[in-house]
Amino acid sequence: MEKNSEEVPVLVAQTGPLNGQRWPVNGPIVVGREAICDIVISDRQVSRQHARLILTGTTILLEDLNSKNGTHHNGKPLHGSVPLQDGDVVQIALAQQFIFLNSDATVPLDINEFDFAALASQENPPQEVSRRLRLEKRSRRIWVNDQEVLPPLSVSQYRLLELLYEQQDKVVSRQDLIAQVWGIEQAVEVSEQALDALVRRLRDRLASIDPTHSYIVTVRGHGLRLENPPLRE
């Protein structure tokens with residue numbers, strides 16, 4: 001039995017030439033540069049048949065088709081295939097980004113009425129737009145000085161930044177950060193060095209776009225704080 005429109009997962013195009021377009025995932029979908037693909041991205045960075053989505057029972061798998069410039073899943077290079085979860089971010093080379101929205105999502109998913117721009121505005125209230133660093137939780141996208149961080153952050157980098165962003169200008173303890181990134185059950189096994197290495201990599205990613213400001217500040221003996229000043233006019 002076919003799912004109705006409200007139950008079908010949706011793939012929504014974000015940054016890239018297809019921005020704003022969406023496709024119901026009710027069958028296999030091939031993404032690539034060739035005109036025969038289900039989703040065509042006219043960019044030389046994209047392989048002729050770059051990636052595809054496959055339905056296996058109730059699971060939707062994302063598979064890279066040995067593309068030249070790669071497919072990223074939540075900021076990590078994809079090798080082989082991975083099951084998609086609600087809110088996952090898919091990056092095709094550096095040409096096009098998508099967000100996968102499951103039928104269990106808490107936002108309206110009628111593909112004829114879904115307004116991704118409106119959702120983005122809800123995720124980013126006016127007071128956040130004026131900040132130099134902006135985080136959109138629903139799609140896991142990050143901007144620094146209005147320039148998007150691409151490729152997307154890794155899942156662990158994003159989780160760390162998300163907690164600091166939610167508590168910006170406040171000190172977050174190292175224990176809370178470790179629990180956020182690795183989970184409470186595994187937190188006791190995570191070393192201080194592992195957190196330090198993760199923070200260093202995240203700082204490097206942010207500095208690659210804005211080297212003039214240290215967003216993540218260490219407060220010795222207490223934890224870390226996100227300093228997110230107003231966006232320059």
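These notebook entries record what I looked up in one predicted protein model.

**Entry 1: Ground rules**

I number residues from 1 along each chain as its sequence is written, and side-chain values rest on heavy atoms, with hydrogens and water left out. Since the model is predicted, I note that local features need pLDDT of at least 70, that side-chain atom pairs count only at pLDDT 80 or more, and that totals for chains, interfaces and linings use all residues.

**Entry 2: The protein as a whole**

I found six helices and 17 strands in the protein. Helices (H or I, at least four residues) and strands (E, at least two) are DSSP runs, numbered from the N terminus. Of the 233 residues, 47% are buried; buried means under 20% relative accessible area, exposed over 50% and partly exposed in between, with a 1.4 Å probe and protein chains only. I then turned to contacts, defined as heavy atoms within 4.5 Å. Among those between residues at least 6 apart in sequence, 47% join residues at least 24 apart.

Two packed helices are described by the angle between their axes and the distance between the axes. I take axes as lines fitted to C-alpha atoms, for helices over the stretch in contact, with angles from 0 to 180 degrees between N-to-C directions. Angles under 35 degrees count as roughly parallel, over 145 as roughly antiparallel, 65 to 115 as roughly perpendicular and the rest as oblique.

How do helix H3 and helix H4 cross? The axes of H3 (residues 155-166) and H4 (residues 174-182) come within 8 Å and cross at roughly 135°. The two helices are therefore oblique to each other. On the H3 side, I listed Ser-156, Arg-159, Leu-160, Glu-162, Leu-163 and Leu-164 as making the contact, and on the H4 side Asp-176, Leu-177, Gln-180 and Val-181. These residues divide into five nonpolar, two polar and three charged. In this scheme Ala, Val, Leu, Ile, Met, Phe, Trp, Tyr, Cys and Pro count as nonpolar, Asp, Glu, Lys and Arg as charged, and the others, Gly among them, as polar.

**Entry 3: H4 and its buried face**

Which residues of H4 are buried? I found Arg-174, Leu-177, Ile-178 and Val-181. Seen down the axis of H4, its buried residues fall within an arc of 100°, so they line one face of the helix. The arc is that of the directions from the helix axis to the C-beta atoms. Just after H4, Gly-183 takes a positive phi of about 95°.

I next examined helix H6 (residues 192-207), which packs with H4 at an angle of about 75°, the axes being 11 Å apart. That makes H4 roughly perpendicular to H6. H4 supplies Arg-174, Leu-177, Ile-178, Val-181 and Trp-182 to the contact, while H6 supplies Glu-192, Ala-194, Leu-195, Asp-196 and Leu-198. I counted these residues as seven nonpolar, no polar and three charged.

The axes of H3 and H6 come within 10 Å and cross at roughly 85°. H3 is thus roughly perpendicular to H6. Here the contact is made by Ser-156, Gln-157, Leu-160 and Leu-161 of H3 with Leu-195, Leu-198, Val-199, Arg-201, Leu-202 and Arg-205 of H6. They divide into six nonpolar, two polar and two charged.

**Entry 4: Two strand residues**

I looked up Leu-224, which lies in strand E17 (residues 223-226). Leu-224 is buried, with a relative accessible area of 1%. Not counting residues up to four places away in sequence, Leu-224 touches several residues, including Leu-164, Leu-177 and Val-199. The C-alpha atoms of Leu-224 and Val-199 are separated by 9.5 Å, the two residues being 25 apart along the chain.

Val-31 is found in strand E3 (residues 29-32), and is buried at 2% relative accessible area.

**Entry 5: Backbone points in loops**

Where is the cis peptide bond that involves Pro-151? I located it from Leu-150 to Pro-151, with omega near -5°. Pro-151 sits in the loop between strand E14 (147-148) and H3.

Asn-74, in the loop between strand E7 (71-73) and strand E8 (76-77), has phi near 50°, a positive value in a residue other than glycine. Is Asn-74 buried or exposed? Asn-74 is buried, with a relative accessible area of 8%.

Asp-169, in the loop between H3 and strand E15 (171-173), has a positive phi near 75°. Asp-169 counts as partly exposed at 43% relative accessibility.
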